[in-house]
Amino acid sequence: MLSYRHLFHAGNFADVFKHALLVRLLAALARKEKPFCYLDTHAGTGRYDLEHAWAQKAREFEHGIARVWQRADAPAALAEYLALVRAENPDGVLRRYPGSPCIARRMLRPGDRMVLTELNRSDFAELAERFAGDRQVQVRRMDGYEALGAFLPPPEHRGLVLIDSAFDRAGEFARIAAALAGAHRRWATGTYAVWYPIVEPPAVRRFEREVAETGIRRILQLALEVAPERGAGALPAGWMHGCGMLVVNPPWRLDEEAGPLLDWLRAALGRNGHGAGAVRWLVPE
Ligand SMILES: C[S@@+](CC[C@H](N)C(=O)[O-])C[C@H]1O[C@@H](n2cnc3c(N)ncnc32)[C@H](O)[C@@H]1O
């Protein structure tokens with residue numbers, strides 16, 4: 001357990017998808033003056049050195065952020081995310097990739113707050129050092145699912161929870177569905193974003209059913225596939241060919257905004273002309 005290290009994957013197509021949506025979700029919260037709280041249950045180290053040997057091993061970022069970060073034709077909905085990545089690489093060479101904590105930190109206003117939990121000892125140490133002394137950021141070495149019980153509902157009563165599991169142990173889909181149901185019972189009006197890999201589509205369909213059966217309403221489902229599941233153009237068996245995000249209580253109009261955004265990402269990140277994006281209500285109002 002806990003063998004997963006995000007540095008091997010930083011900046012891949014899944015990070016681009018996840019973080020582009022994260023920025024939209026945080027930007028929506030910042031539209032109203034009232035402060036918000038961001039809880040990142042599986043925070044990672046916060047920022048990734050793409051020149052590190054681990055990131056260089058499979059160079060996953062080449063099929064992800066490297067393809068899009070300097071594109072001038074990106075849709076408006078991606079502009080803020082791409083500007084954040086460019087701000088991390090001011091000399092125009094892609095060396096660093098911001099994780100969800102650094103992305104969120106740049107989007108907090110002075111009255112906003114974030115709570116980051118991470119279980120891996122060394123990733124936690126790096127994360128804690130990164131935000132040491134920052135009074136808007138609380139960093140804890142703890143299980144992300146326990147964090148849902150410990151920190152929800154936040155006193156601000158406005159905010160976003162990102163559940164971005166490493167999926168490095170069996171039963172994770174079921175664990176997430178149960179954790180989401182529990183968190184929603186504690187705090188029904190929060191926005192929750194749950195990222196998941198698409199490796200075995202039947203497992204994803206089971207997860208969708210489990211989440212739908214929790215009784216939670218207003219769940220938007222977004223997905224990006226960069227290669228077909230099988231046949232011509234498919235990636236080797238066991239590789240992640242797509243990923244998705246469930247958003248509970250999405251901000252107004254995310255469903256409309258996400259269509260063109262995913263369409264652009266599909267074209268930019270699809271392998272050899274393959275690629276698909278999808279937005280649908282898993283559970284409506
Ligand atoms: C996909 S990475 C997170 C990436 C990060 N959210 C980002 O977008 O930059 C998943 C992280 O979860 C951590 N992790 C695994 N199981 C955990 C658990 N039960 N609670 C908290 N963190 C966990 C891993 O060590 C890993 O750093």
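Modeller: A residue is near a molecule if one of its heavy atoms lies within 4 Å of that molecule. This is a predicted model, with residues numbered from 1 along each chain as its sequence is written. Local features need pLDDT of at least 70, side-chain atom pairs count only at pLDDT 80 or more, totals for chains, interfaces and linings use all residues, and side-chain values use heavy atoms, leaving out hydrogens and water.

Colleague: How many residues surround the ligand, and which are the closest?

Modeller: The ligand is surrounded by 22 residues, and the closest are His19, Ser100, Glu118, Gly144 and Asp164.

Colleague: Which atom of His19 lies 2.7 Å from an oxygen atom of the ligand?

Modeller: A polar contact is a pair of N or O atoms within 3.5 Å. In His19 the atom is a polar side-chain atom, whereas Ser100 places a backbone N or O atom 2.8 Å from a ligand oxygen. A polar backbone atom of Leu119 is 3.3 Å from a nitrogen atom of the ligand.

Colleague: How much of the ligand's accessible area does the protein cover?

Modeller: Accessible areas come from the Shrake-Rupley method with a 1.4 Å probe. The protein covers 99% of the 600 Å² that the ligand has on its own.

Colleague: In what order do the strands form the sheet?

Modeller: Strands are DSSP runs (E, at least two residues), numbered from the N terminus, and two of them pair if DSSP finds at least two bridges between them. Here eight strands form an open sheet of mixed pairing, in the order 5-4-1-6-7-9-8-10. Strand 5 (137-140) and strand 10 (276-283) each have a single partner strand, so one side of each lacks a neighbour in the sheet.

Terms used
Helices (H or I, at least four residues) and strands (E, at least two) are DSSP runs, numbered from the N terminus. A polar contact is a pair of N or O atoms within 3.5 Å; within protein, one must be able to donate a hydrogen and the other to accept it, and residues adjacent in sequence count only if both atoms are side-chain atoms.
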